[in-house]
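Hello, and welcome to this structure.

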Amino acid sequence: MGGINKSTQHINDDLTRQNLHEDIENLSKERSYALYYRDYWKRYHADRLPDDIAQPFMDIGVNQGMPTAVINLQKAIGIKPGTIIGDQTINALKNQDNIKILNKFKKLSQERYKNIISKNPKLQKYQKGWTNRLNKISD
């Protein structure tokens, strides 16, 4: 789960909401991994996804929000988007080319970034970093 950055405000906010008893600002690396595992990896069933999909799903989900990642992954698969990774998503993945799914997922994620910037042009300064992050996802 590389790329965890405690200074990313929305991640801190999300972790704080889910872990009100945690001292997020002084979180150890080991504890942050445990929280990500419990509150993201397991909660959104990334452990049920094929490895070549699971890691990008997690990375994009942490960056864009897990509900957005779920919806975009399901759109990439070609099924009706919902709010969870369940049997329908897992079964649909079994009959598809994961590389094609991953490329569609990355494209939808890039479109999401463009949409974010169109709504708030001040965020344009992050576009290169966001694009680089997506490009690091292997295809």
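1. How exposed is Lys 42? Lys 42 is partly exposed, because its relative accessible area is 35%; buried means under 20% relative accessible area, exposed means over 50% and partly exposed lies in between, using a 1.4 Å probe and protein chains only.

2. A word on the model before going further. This is a predicted model, in which local features need pLDDT of at least 70 and side-chain atom pairs count only at pLDDT 80 or more, while totals for chains, interfaces and linings use all residues. Residues are numbered from 1 along each chain as its sequence is written, and side-chain values use heavy atoms, with hydrogens and water left out.

3. Now the overall picture. The protein has 7 helices and 0 strands, giving the pattern α-α-α-α-α-α-α along the sequence. Helices (H or I, at least four residues) and strands (E, at least two) are DSSP runs, numbered from the N terminus. Of the 139 residues in the protein, 41% are buried. Among contacts with a separation of 6 or more, 51% join residues 24 or more positions apart; contact here means heavy atoms within 4.5 Å.

4. Please look next at helix H3 (residues 51-64) and helix H6 (residues 98-119), whose axes come within 10 Å and cross at roughly 10°. H3 is therefore roughly parallel to H6. Axes are lines fitted to C-alpha atoms, for helices over the stretch in contact, and angles run from 0 to 180 degrees between N-to-C directions. Angles under 35 degrees count as roughly parallel, over 145 as roughly antiparallel, 65 to 115 as roughly perpendicular and the rest as oblique.

5. Which residues make up this meeting of H3 and H6? From H3 come Asp 52, Ile 53, Pro 56, Phe 57, Ile 60, Asn 63 and Gln 64, and from H6 come Asn 98, Ile 101, Leu 102, Phe 105, Ser 109, Arg 112 and Tyr 113. The contact of H3 with H6 involves 8 nonpolar, 4 polar and 2 charged residues. In this count, Ala, Val, Leu, Ile, Met, Phe, Trp, Tyr, Cys and Pro are nonpolar, Asp, Glu, Lys and Arg are charged, and the others, Gly among them, are polar.

6. Two residues of that contact deserve a visit. Ser 109, in helix H6, has a relative accessible area of 0% and is therefore buried. The side chain of Ser 109 reaches the backbone oxygen of Phe 105 at 2.9 Å. This is a polar contact, a pair of N or O atoms within 3.5 Å; within protein, one must be able to donate a hydrogen and the other to accept it, and residues adjacent in sequence count only if both atoms are side-chain atoms. Gln 64, in helix H3, is buried at 9%, and the side chain of Gln 64 reaches the backbone oxygen of Ser 109 at 2.9 Å. Leaving aside neighbours up to four places away in sequence, Gln 64 touches Asn 72, Ser 109, Arg 112 and Tyr 113, while Ser 109 is in contact with Ile 60, Gln 64, Asn 72 and Leu 134.

7. What surrounds Leu 73, beyond residues up to four places away in sequence? Leu 73 touches Leu 49, Ile 53, Phe 57, Ile 85, Ile 101 and Phe 105. Leu 73 sits in helix H4 (residues 66-77) and is buried, at 0% relative accessibility.

8. On to charges. Side chains of opposite charge can pair when their charged atoms come close. The whole structure holds 4 salt bridges, each a side-chain nitrogen of Lys or Arg within 4 Å of a carboxyl oxygen of Asp or Glu. One of them joins Lys 42 to Asp 47, with the closest N and O atoms 2.9 Å apart; Asp 47 is partly exposed at 36%. Another links Arg 38 and Asp 39 (2.7 Å, N to O), where Arg 38 is partly exposed at 40% and Asp 39 is buried at 7%.

9. Arg 48 is partly exposed, with a relative accessible area of 35%.

10. Lastly, a backbone detail. Most residues other than glycine have a negative phi. His 45, in the loop between H2 and H3, has a positive phi near 60°, and His 45 is partly exposed at 29%.
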